[in-house]
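Colleague: Could you walk me through this model? I'd like to go from the overall fold down to the core.

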Amino acid sequence: MPENRPPYPPFTQETALQKVQAAEDAWNTRDPHRVARAYTPDSRWRNRDAFINGRDEIVAFLAAKWERELDYALRKSLWAFHEDRIAVRFQYEWHDAEGQWWRSHGNELWEFDERGLMRRREASINDVAIPEADRRIHGPRPRDEYGVDLPLR
């Protein structure tokens, strides 16, 4: 039985926003298996300098990521969309094992198949050390903040 992950392309403003929020919500669970189900079994990623192929590698990559990036909390914003593609901006905060907090800024390019599964993801990410007092992302986004962009700094 084929998997489906609505909404499906071609995207509208409304369905692209739904897709972005669904991705943010899933990633904030920090559950690699749940996140991986949104991707095709043969999905291809570039994440920073890592090249990842397929769900098994996605799960392994995310498990290692969330062992290293502690108390991870993410916000995504729709940048653009066209037919089966969506571009997002994002920021997330996390701390390392030594207690240093980081804010990671990035952009992602997504491509979907007809079933709404992501078949390609390219992410460019930069990390900035921040004092804990400068944190502004605390856990999953409350519903009343859906669609609200974060400032760059």
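Modeller: Helices (H or I, at least four residues) and strands (E, at least two) are DSSP runs, numbered from the N terminus. This is a predicted model, where local features need pLDDT of at least 70, side-chain atom pairs count only at pLDDT 80 or more, and totals for chains, interfaces and linings use all residues. Residues are numbered from 1 along each chain as its sequence is written, and side-chain values use heavy atoms, leaving out hydrogens and water.

Colleague: What pattern does the protein chain follow along the sequence?

Modeller: There are three helices and six strands in the protein chain. Reading along the sequence, you get α-α-β-β-α-β-β-β-β.

Colleague: What is its radius of gyration?

Modeller: We take that over C-alpha atoms, and the globule rule is 2.2 Å times the number of residues to the power 0.38. For 153 residues the rule gives 15 Å, and the chain comes close to that, so it is as compact as a globular protein of that length, with a radius of gyration of 15 Å.

Colleague: Which residues touch the most other members of the largest nonpolar core?

Modeller: Such a core is a set of buried (under 20% relative accessible area, 1.4 Å probe, protein chains only) Ala, Val, Leu, Ile, Met, Phe, Trp, Tyr and Cys residues joined through side-chain atoms within 4.5 Å. Overall, 44% of the 153 residues count as buried. The largest core has 29 residues, and the ones touching the most other members are Trp27, Trp45, Leu62, Ile86 and Trp110.

Colleague: Which elements give two or more residues to this core?

Modeller: The helices are helix 1 (13-27), helix 2 (32-36) and helix 3 (54-68). The strands are strand 1 (39-47), strand 3 (70-82), strand 4 (85-95), strand 5 (101-112) and strand 6 (118-130).

Key. Buried means under 20% relative accessible area, exposed over 50%, partly exposed in between (1.4 Å probe, protein chains only).
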